[in-house]
Amino acid sequence: MSESAAQAFWHNFLGPSPGWYKKAIIGFLLINPVLLYTIGPFATGWVLIGEFIFTLALALRCYPLQPGGLLAIEAVVLGMTSPYSVFHETEANFEVILLLMFMVAGIYFMKDLLLFVFTRILLKVRSKVVLSLLFSLVAAFLSAFLDALTVTAVLISVGVGFYSVYHKVASGKGSHHDSHDHGNDTDVQANHREDLENFRSFLRSLLMHGAVGTALGGVCTLVGEPQNLLIASVADWDFIKFVTVMAPVTMPVLVCGLMTCALLEWSGKFGYGAKLPESVRLVLNEFQEKADSERNTRDVARLVVQALVAVILVLGLAMHWAAVGLIGLMVIVLLTAFNGIVEEHQIGHAFEEALPFTALLVVFFAIVAVIHDQHLFTPVIDAVLAMDSDIRPGMFFIANGVLSMISDNVFVATVYINEVKAALDAGTISRMEFDQLAVAINTGTNLPSVATPNGQAAFLFLLTSALAPLIRLSYGRMVIMALPYTIVMGGVGLACVTLFI
């Protein structure tokens with residue numbers, strides 16, 4: 001029986017998403033104009049934030065770009081922000097956009113080397129506690145000197161590589177079978193289903209330890225996170241000064257964060273503790289042995305090129321030769337040129353992972369523009385600035401942490417550091433108190449923000465990546481798995497800011 005035009009439009013709207021989800025998005029779009037003209041733009045702005053977080057929380061039901069984009073378009077149409085403000089927020093984060101466009105694609109062309117290295121690590125380190133600490137510590141170290149999103153891109157690439165190898169075998173195909181949809185479980189054999197679920201749990205825990213590691217390391221140095229550089233430039237701190245000023249907070253948090261990693265794996269709580277199934281270990285061993293036996297001179301040459309370019313990448317990022325995105329473009333050119341990848345369709349696959357997230361990030365900047373234009377954070381900022389100087393650093397840490405969980409930690413840091421700088425210029429606070437508050441702002445925006453995927457760009461990137469649905473990593477599950485880290489990092493960070501700053 002042919003469907004009516006109305007039914008056709010309804011089925012096409014947000015595609016296969018559940019009916020209740022479609023109704024919720026339509027309800028949001030219909031109620032927002034009513035709220036705007038009844039309770040005003042300030043309250044409606046907070047409602048809009050809640051609606052956008054709803055789309056992130058249900059990212060596995062529907063990619064947030066479409067429903068979030070509809071909300072952002074409506075906000076512009078209703079005058080809650082302007083196209084200029086959206087462009088301004090996007091322009092301010094242009095380096096992040098370049099990074100996503102080019103660096104993630106560059107990592108794609110390095111996947112053979114990554115799989116080569118990490119397969120050996122995974123198979124040789126049998127202790128899950130040691131393996132988890134290794135993932136977290138390496139992610140922390142690399143994020144401190146490179147970039148959290150780049151490190152996350154590496155983790156995602158490795159995770160997809162491991163998963164696809166086993167999924168092929170679980171579906172009755174060889175580990176080197178080229179054409180296989182590892183997002184479809186239809187062909188997974190009955191005797192592999194339980195091991196596949198356990199493997200998903202194993203990968204989820206490793207990826208979450210790694211993602212938290214990017215936050216643990218990212219807060220430590222001037223180049224670890226975008227807001228660090230912003231705060232350092234306003235405070236006129238160089239690299240060494242930044243590390244030493246932050247160390248009374250960042251070093252205890254790093255130690256406690258790594259202890260939390262070990263404790264979670266030992267206890268098996270909050271979704272951690274899953275071991276690598278023996279059947280998966282056998283498949284990965286077989287994959288490694290087969291790859292080693294079939295590797296010819298050209299394959300070895302490709303690995304050598306990837307290793308050399310990896311060294312150039314690390315040097316370029318550590319020594320800041322150029323914007324991170326431009327270094328990523330250099331990586332793409334070097335890897336494709338010297339490894340013979342010269343056809344357009346071969347190169348195009350590398351951008352499939354990053355561009356949807358880049359578009360989503362611009363939609364997110366539209367929501368940030370609403371926050372800015374409607375001054376949604378102003379009451380919180382004013383209340384904290386009005387407090388006594390003795391408790392102000394701790395309250396700054398809390399306020400920055402809570403607001404970063406809701407919105408974007410770079411935006412929150414920008415607003416707060418500018419307000420504090422204005423207070424310093426006006427003579428309201430001393431230089432010593434300015435330094436204390438700058439530490440509180442930096443650590444507050446970096447540490448408690450691991451509570452939600454929208455608090456950390458690396459977490460949001462992981463949530464919306466191609467890997468998340470494969471390993472069943474939803475918004476809610478990320479929040480639950482991040483909860484013990486949030487409590488420890490937030491609690492230890494607050495105590496150190498209160499006691500030592």
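Trainee: Which helix gives the most to the lining of the second largest cavity?

Mentor: Keep in mind that this is a predicted model. A cavity is a space that a probe fits into but cannot leave. Here α9 gives the most to the lining of the second largest cavity, namely four residues. The elements giving two or more residues to that lining are α9 (148–170) and α10 (190–218).

Trainee: How many cavities of 30 Å³ or more does a search of the whole structure find?

Mentor: The search finds two.

Trainee: Which residues line the second largest cavity, and how do they divide by class?

Mentor: The lining is made of F135, L155, V158, G159, F162, L203, L206 and L207. Seven of the lining residues are nonpolar, one is polar and none is charged.

Trainee: What is the volume of the second largest pocket, and which residues lie nearest its centre?

Mentor: A pocket, unlike a cavity, is an open set of points. The second largest pocket holds about 1100 Å³ of space. Its lining has 45 residues, and A92, N93, V96, P226 and V410 lie nearest the centre. Helix α20 (residues 409–425) gives the most to this lining, with seven residues. By class, the lining comprises 27 nonpolar, 12 polar and six charged residues.

Trainee: Which residues of α8 and α12 meet?

Mentor: From α8 come K128, V129, S132, L133, S136, L137, A140 and F145; they meet F239, L254, L258, C261, A262, E265 and W266 of α12. This contact has 11 nonpolar, two polar and two charged residues.

Trainee: Is the crossing of α19 and α24 left-handed or right-handed?

Mentor: It is right-handed. The axes of helix α19 (residues 392–406) and helix α24 (residues 475–500) come within 8 Å, crossing at roughly 155°.

Trainee: What does each helix bring to the contact of α19 with α24?

Mentor: P393, G394, F397, I398 and M405 of α19 meet T486, M489, G490, G493, L494, V497 and T498 of α24. Seven residues in this contact are nonpolar, five are polar and none is charged.

Key
Residues numbered from 1 in each chain as written. Predicted model: local features only at pLDDT ≥ 70, side-chain atom pairs only at ≥ 80, totals over all residues. Heavy atoms only, no water. Axes fitted to C-alpha atoms, helices over the stretch in contact; angles between N-to-C directions. Left-handed = near helix turned anticlockwise from the far one by under 90°. Contact = heavy atoms within 4.5 Å. Nonpolar A, V, L, I, M, F, W, Y, C, P; charged D, E, K, R; others polar. 1 Å grid on protein atoms, 1.4 Å probe; cavity = no way out; pocket = protein on both sides within 12 Å on 5 of 7 lines; lining within 4 Å. Points joined across faces, edges and corners; volume = space filled by probe spheres on them.
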